[in-house]
Protein chains: 2
Amino acid sequence: MTEVTAAIDSVQGFKVAGVACGLKANGALDFALIVSDRPCTAAGVFTTNQVKAAPVLVDMELLKTNNDHIRAVAVNTRCANACTGAQGIANARQMAQLTADALGVGADEVLVMSTGVIGTQLPMDKIATGVKLGTAALTENSWDDTALGIMTTDTRPKMASVTVTSASGQSYTIAGIAKGAGMIAPNMATMLSFIVTDAAVEPLQAENMLFAAADQTFNRIVVDGDTSTNDTVLLLANGASSVTIDETERDAFMTALTAVAKKLAQDVVRDGEGATKFITLHINGAPDDDAARKIANTIGTSPLVKTAFYGGDPNWGRIVAAAGRAGIDVDPMKMRLWLAADEDSDGLLLFEQGIPTVYDETAAGDLVKAPSVVVTLECGLGSGSTTIWTCDISHDYVSINGHYRT
Amino acid sequence: MTEVTAAIDSVQGFKVAGVACGLKANGALDFALIVSDRPCTAAGVFTTNQVKAAPVLVDMELLKTNNDHIRAVAVNTRCANACTGAQGIANARQMAQLTADALGVGADEVLVMSTGVIGTQLPMDKIATGVKLGTAALTENSWDDTALGIMTTDTRPKMASVTVTSASGQSYTIAGIAKGAGMIAPNMATMLSFIVTDAAVEPLQAENMLFAAADQTFNRIVVDGDTSTNDTVLLLANGASSVTIDETERDAFMTALTAVAKKLAQDVVRDGEGATKFITLHINGAPDDDAARKIANTIGTSPLVKTAFYGGDPNWGRIVAAAGRAGIDVDPMKMRLWLAADEDSDGLLLFEQGIPTVYDETAAGDLVKAPSVVVTLECGLGSGSTTIWTCDISHDYVSINGHYRT
């Protein structure tokens, strides 16, 4: 496959649009459409939060009966349509119906998604405007606007694309967009992301591969430890490239899909609310992978660890202490902790045998002050491991969330 | 019993001291001694963190063999003596030995505790100075200095005292001090606290009652969700009042002990690092008490909930969303959420039947902007309930922890 690029040119058979329908007060793009000229197989990974937004409930229901002839996705920002009761469900269905009518397809062929403030009803007049303007604006090349049209507190659009050449020499594309900067926790899909491909994929295969890719990517990121009511990752495959993902193509597709999802997931962390640092956290030598993940998530959500990184302080003590409260029977005498500039650099060993090493404090400080850092904790207990991506907590995180009504 | 007061006059048979031995650069008090003129029964509740500081390990070991003739506790700040290996254990024992020698008691009659930065060895010369100065400064009335002498990022000392009149007409006192402002999580004792009484209490009874009191108080507070390596609550009972806590006195003692512990625990939250608000969180109608606690802790540690309170935003949506990700099978349609000014006020109902009520946004804002607020979430599922106390996350929390090396 090609390198993952941050720009999306076009994906055969898909037209997209991002328009402004008045949801954002400043006139910024706030409504998006993704439309396929032929039926798509579709798979979704949805929030594990017990409080699910209306569009999540509507989409989950729809995908049970239609996972092989989806034609469009409509997305709005500023209003999450969560905690909105029966009216919220009716509005989500109405948003699908409006989109279906404008496109000349069935309402049961349209998925909908919302993001923004919890607890207010969708302003259906503005949604209707969004559908009308969006339909008129559909082109094959409007991915930039589409990625902008799903943003809330994001500071930049998130896009990823790869092209894969199949065994038969034909090529297909996998491309995706994502939004998300807060309420990000490593527990199932933790944001909104829409990934499309012009390859043909069977529904069950699409579901299995999306789930596996999300597990390696979107489920490994954490900004603040909060899991949203609206988290959704959708995969649409329309087959317009004439490449079918069979046994021969499966591994290459899975690799490419995971690469796209990884790029988007990491973009969400890099654009985390107020984030100044991108932190890769490897946990090795845990009793098992599940234990490694618990340790990683405890460290990755620790306010003390995150504020230390913000302050440029190589505070290994807080990392070790967070590992100690993860609910796993760890032993500080067996732990070793390294900091490194990137995946390819030798790490600086800070802690082993229960005590700090004699390390260069300036070198450690420089590693933590850089915009990205790799932390590796070896537990010395078994063969369990995991990797997650997280960010720091800054003054800006507090400013953003002290004054933004999610 | 009397009302709980924030000042401690004296407790029969106890002398205390808080002195400056050079651990804090600014010359502030940084070393404390609590000494009984007769043997005490002693009980401790210690951190559940798997990474335990040397003094925690030393004290846990000592209390196994001596829980009925403890004579003194020595405490230092600025250095947690955690992640310090064999040298740390030796230093903790040496600190006990120095104290024992100065007081003319056995080293196995002295408990030690440290708080401060993880990963540096105790400066034993300064500890020796602290023991010497502290011993010389011991009086019955130096509780203010003692409470000051155990502070780290605390902005004010935390003290509580009650006097109880026994069935026979004799009275006894329970008094305690505490420190703690960060690394506070609701999972066993989450700070340092020393509670003394001049009543006589059997060792097993002391342990049971301290554990039960901590479970209702220290284990119900959360500042940042991080559990320290050094958390300890100690109870010393020297019997100097001639009142023995038998079956007749047990309930009154337990009530008074819990009141002292509750005052100290709440003081820790009120003085939480950067905290501007004191939040009481009641969870009712959960499937069981354990589920109620999981929901409470998830809400109480949610950065989004905490920053909303800081911003004075009655953001019920974030509270409901946090409840939804607590790992309990909750149903938003059955939830009801109230805000109130205090325990005695009628609450303002913000959310029920899956949607917000038509409430007065200004009134809700005023409740959340006040220095303290009571949040009640009724889950509508069963009879499980709990109460925890927490605070907001402010810009100052980030400043304090971005630059303080714990």
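Predicted model: local features only at pLDDT ≥ 70, side-chain atom pairs only at ≥ 80, totals over all residues.
Let me begin with chain A, where 11 residues of domain 1 are in contact with 11 residues of domain 2, and where two residues are said to be in contact if their C-beta atoms, placed from the backbone, lie within 7 Å. On the side of domain 1 of chain A that touches domain 2 of chain A, the elements giving two or more residues are strand E8 (221–222) and helix H6 (247–270) of chain A, and the largest share, three residues, comes from H6(A). Helices (H or I, at least four residues) and strands (E, at least two) are DSSP runs, numbered from the N terminus. Sorted by class, that side of domain 1 of chain A has five nonpolar, four polar and two charged residues; here Ala, Val, Leu, Ile, Met, Phe, Trp, Tyr, Cys and Pro count as nonpolar, Asp, Glu, Lys and Arg as charged, and the others, Gly among them, as polar.

Residues are numbered from 1 along each chain as its sequence is written, and chains are lettered from A and ligands numbered from 1 in the order in which they are written.

The domains of chain A are domain 1 (14–270) and domain 2 (278–403), with bounds that come from an automatic or database domain assignment. Taken over C-alpha atoms, the centres of these two domains are separated by 32 Å.

Now to the sheet of chain A, which is open and has seven strands in the order E8-E15-E10-E14-E11-E12-E13, with mixed pairing; two strands pair if DSSP finds at least two bridges between them. E8 and strand E13 (355–356) of chain A stand at the edges with a single partner strand each, so one side of each has no neighbour in the sheet. Strand E10 (residues 278–286) of chain A runs antiparallel to strand E15 (residues 384–391) of chain A, and seven bridges join them; A:His282, for example, has A:Thr387 in E15(A) as its bridge partner. Helix H7 (residues 289–301) of chain A packs on this sheet, touching E8, E10 and E15 of chain A, and its direction makes about 20° with that of E15(A), where axes are lines fitted to C-alpha atoms, for helices over the stretch in contact, and angles run from 0 to 180 degrees between N-to-C directions.

Let us look at one residue of chain B. B:Ile328 is placed in the loop between helix H9 (316–324) and strand E11 (336–340) of chain B. Is B:Ile328 buried or exposed? B:Ile328 counts as buried, because 22 C-beta neighbours lie inside 10 Å; the rule is that a residue is buried if 20 or more other C-beta atoms lie within 10 Å of its own, exposed if 12 or fewer, and partly exposed in between, with C-beta atoms placed from the backbone. Leaving aside neighbours within four places in sequence, the contacts of B:Ile328 include B:Pro287, B:Ala291 and B:Lys294. B:Lys294 is 34 residues away from B:Ile328 in sequence, yet their C-alpha atoms are 7.7 Å apart in space.

I will end with A:Gln353, found in the loop between E12 and E13 of chain A. Its phi is near 55°, a positive value in a residue other than glycine, and A:Gln353 is partly exposed, with 14 other C-beta atoms within 10 Å.
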